[in-house]
Structure formats: structure tokens, C-alpha cells
Amino acid sequence: MATYTTNGGIKKIATGDESGTWGTSTNTNFDIIDRITNGVGSITLTGTTHTLTTSDGTLSDGMFKVLVLGGSPSGTNTITVAPNDAQKLYFIKNGSGQDAVISQGSGANVTVGNGDSAIVYCDGGGAGAAVADISSDFGALAASNNLSDLASATTALTNLGLTATAAELNRNDITTLGTVQASKTVTADANGDVLWTNGDKANFGTGGDFSIYNDGSNTYLADNGDGNIILDTVNGTAIQLKAGSDDMVTATKDADVALYFDGSPKLATTSTGINVAGTAVTDGVTVDGPLDIEEVLEHVETSTSTTSTITIEATDGAVWYFTANQTANRTINFRGNSGLSLNSLMGNNQSMTFSIVMKQGSTAYYLNAYQVDGSTITPEWSGGSAPTAGNADSLDVYTFTIIKTASATFTVLASQTQFA
């Protein structure tokens with residue numbers, strides 16, 4: 001007489017049984033074995049109870065290895081595994097919308113929450129049968145201080161000793177060396193160098209007061225706050241600005257600050273002032289104190305003009321040499337330049353001195369009219385009298401010292417000297 005396996009309900013065919021139907025029973029057994037080992041069954045739940053039955057020799061829901069819970073239960077649904085003396089191992093995925101309680105007898109039950117999965121076994125202990133969740137005991141995954149809590153990313157991060165959130169970690173992710181990953185703030189290249197793409201900023205300060213970034217063309221150190229950018233060499237000896245191997249600026253602690261041209265020092269501070277190496281070219285110099293000059297080279301403006309009013313522009317120089325023989329008496333006009341009056345160039349109680357060298361031929365001519373900014377002036381002449389002629393075949397040198405006493409008001413001291 002045929003009997004059945006306790007746990008799977010597979011028919012054990014006795015010798016001489018199943019004459020004419022042996023193949024049918026065997027095929028059913030194979031289907032039962034297939035369901036027990038690999039079967040996935042969709043279990044439709046209703047109400048609050050469901051019986052999961054294994055029927056001897058008949059394909060039944062209790063034989064599935066994987067149970068996918070669905071349906072529309074009205075509340076927490078208790079699933080009773082029957083019979084209570086069969087040992088079972090189930091992989092359960094609950095998508096029913098309600099919690100599911102797996103029970104076999106009066107022993108322990110297992111609750112699989114809605115949306116959760118679990119691996120449970122039923123001990124087949126009869127009336128006192130119990131169900132256990134073995135997936136909850138998978139060692140290190142559930143232990144504290146490991147990559148732990150599968151149900152809570154926050155708890156997992158805390159167990160790892162991290163204070164950053166998952167979102168913060170994702171935002172600052174540095175990908176595999178040599179790989180640039182889209183949507184990441186920072187990447188690393190094959191050399192381990194940290195990279196920021198064009199326009200991305202390294203911001204410092206609570207409100208992003210200081211930024212370092214490159215826009216694809218230029219690199220910026222941007223002070224976005226109310227303070228200053230301070231380069232502080234606390235433990236160093238100098239702050240340097242270089243172009244490759246060439247120095248541009250060197251500020252040495254407790255010493256000088258030096259400016260360079262093409263790597264050569266040109267201007268440096270000293271304990272008493274500054275030191276200039278080479279030639280200093282300036283549009284003007286104001287000296288507030290004694291002036292100690294070792295050597296002076298003064299520019300001479302030359303001209304061949306022999307006609308019209310002679311215009312002397314202060315910004316071009318204080319010494320003017322007219323190299324061609326003069327052909328008539330001349331008017332001389334002093335101004336700053338074509339766009340600047342001498343009145344605007346000079347301050348009250350300041351003076352400027354001009355030397356005018358005029359070459360004379362066999363007929364001597366001279367300066368007989370005088371202007372400042374186009375307005376006629378009357379100089380005070382050395383010796384008390386204005387010249388009435390020049391000196392033939394010689395150089396006549398006129399000297400004019402112009403003193404500004406008030407706006408557009410000048411005292412002019414003049415002299416004429418013959419050089420032959």
C-alpha cells in the first residue's frame with residue numbers, strides 16, 4: 001500500500017501498486033519535487049486568515065519554495081501552515097498591502113511586514129509547532145557597528161561611525177581613479193588628483209566668503225565677503241609670486257618687498273624707503289623733504305620750427321632747442337599740452353622753469369610777445385629791461401621761471417643770454 005513523505009506529500013509507491021497508473025503517479029511526484037525545490041507560487045490573501053496546505057500526492061500551494069503574497073487582505077493576515085507536523089522552508093515576499101503572520105502551531109510565529117521579505121522555517125512540531133525567521137540571523141549584516149541595518153540606511157551609517165548622510169556622501173562621491181562620473185561635484189583622475197570641472201567652486205566660509213575656481217579661461221581667488229584676502233607666512237620666510245622659474249614679486253618676512261621684471265629685481269623696499277635698480281620713468285614726482293640727487297639727465301625737446309607762435313608744452317620737457325635759424329620775431333606760449341592748461345597742471349605757489357635755445361643767423365630775431373595758456377603776460381626781466389633784439393650768428397638762450405600765485409595768475413621771471 002502506498003504511503004507519503006511527511007514534509008512534501010510525495011507518494012511512495014509500494015511494490016506491485018499502481019498497476020496501469022504508475023506513470024501518472026510518478027509524473028505527479030516529479031511535479032511536486034519541482035515545486036518543492038524551485039517553485040514560485042502567488043498566494044492570494046483575503047480577509048485576515050489563510051491556510052497554506054500541503055496535500056499528500058496532490059499539487060498544492062504549501063509545496064511552493066517561494067511564496068509571493070498578494071491579494072487584498074482586510075488587515076493583518078495570519079497564514080497557517082498545514083499540516084502542523086510537516087517541516088517547511090519558505091522564501092516569502094510580501095506585497096499584499098498588509099502584514100502577514102506565518103504560524104504552524106501554538107509555538108512562535110513570524111511577522112513579515114508589508115513590502116518586506118523573509119526566509120522562514122516551520123519545525124513541524126505538531127500542535128506546538130513554531131516558525132522562525134532565519135534571515136534575521138544572518139550574522140554581521142544585523143550586528144551593531146557593521147554595514148548593518150538593512151531596513152534603515154541611517155542606522156547603517158551610524159553603525160559605521162559616520163556622521164554624514166547618504167545624500168551628502170553621494171554628493172561628494174569621488175569615483176574610481178581615471179573615471180569622471182556625471183553629476184558629481186568632485187572627481188579623481190588616474191594620478192589621484194582631485195578635479196573640479198570648469199565653473200565648479202571650492203567655497204570656504206559659512207556663506208561662501210572665499211572661492212577658488214576656473215571658468216575655463218581664467219583662475220580666480222574670489223573674496224565674496226566683507227574682509228580682505230590675507231596671505232600670511234606665519235612659519236615661512238617669504239611670499240612669492242612666480243611665472244615658472246621667474247620671480248615676479250617676493251615679500252620676505254622682516255625684510256624687503258621686491259618687484260621684478262623678467263626675473264630681474266627692479267624695485268625693493270628698504271628700512272628707509274625704496275631702492276630702484278635701473279631707470280625710473282614717471283609722469284611727475286612730488287618730493288616731501290630734502291632731495292639728494294647724485295646725477296640728473298634732462299630731456300631736451302628739439303624743433304626746426306621757424307614760423308608762427310612757438311608753443312612750449314610742459315609735459316614734453318623743460319628744455320627746448322630750436323635748431324634752425326629764426327626768420328622773424330616770435331610769440332612764445334606756455335601750456336601743459338594740447339589737452340591740459342598750465343593753470344591745471346600747476347598748483348598755487350608752485351613754479352616751473354623753461355630754457356629756450358634759439359639759433360640766430362646773420363639777421364638776429366628775438367621773442368617779443370609772451371603768453372601762458374594763450375593769454376598775454378608781461379615777464380619781469382633780468383636787468384630790468386625786456387630785450388629789443390637778438391644776437392646775430394649765435395645761440396640766444398631764454399630762461400622763463402613761471403610762478404603760479406593764484407588761479408590763472410602768474411609771475412614770470414625772464415632773462416636772455418647770448419652764447420657764441
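Trainee: How many cavities of 30 Å³ or more does the structure hold?

Mentor: This is a predicted model, where local features need pLDDT of at least 70, side-chain atom pairs count only at pLDDT 80 or more, and totals for chains, interfaces and linings use all residues. Residues are numbered from 1 along each chain as its sequence is written, and side-chain values use heavy atoms, with hydrogens and water left out. A cavity is a set of points, on a 1 Å grid over the protein atoms alone, where a 1.4 Å probe fits but cannot get out. Of cavities of 30 Å³ or more, the structure holds one.

Trainee: What volume does the largest cavity have?

Mentor: Grid points are joined across faces, edges and corners, and the volume is the space filled by probe spheres set on them. For the largest cavity this comes to about 40 Å³.

Trainee: Which elements give two or more residues to its lining?

Mentor: Lining residues have an atom within 4 Å of a point. Among them are Leu 67, Leu 69, Ile 79, Val 81, Tyr 90 and Ile 92. Strands are DSSP runs (E, at least two residues), numbered from the N terminus. The elements asked for are β5 (66–71), β6 (77–82) and β7 (88–94).

Trainee: Which strands stand at the edges of the open sheet of four strands?

Mentor: The order is β4-β6-β8-β9, with mixed pairing; two strands pair if DSSP finds at least two bridges between them. Each edge strand has a single partner, so one side is left without a neighbour in the sheet. The edge strands are β4 (49–53) and β9 (110–112).

Trainee: Which residue in β8 is the bridge partner of Thr 78?

Mentor: β6 and β8 (residues 100–103) pair in the parallel sense over four bridges. In β8, the partner of Thr 78 is Val 101.

Notes: 1 Å grid on protein atoms, 1.4 Å probe; cavity = no way out; pocket = protein on both sides within 12 Å on 5 of 7 lines; lining within 4 Å.
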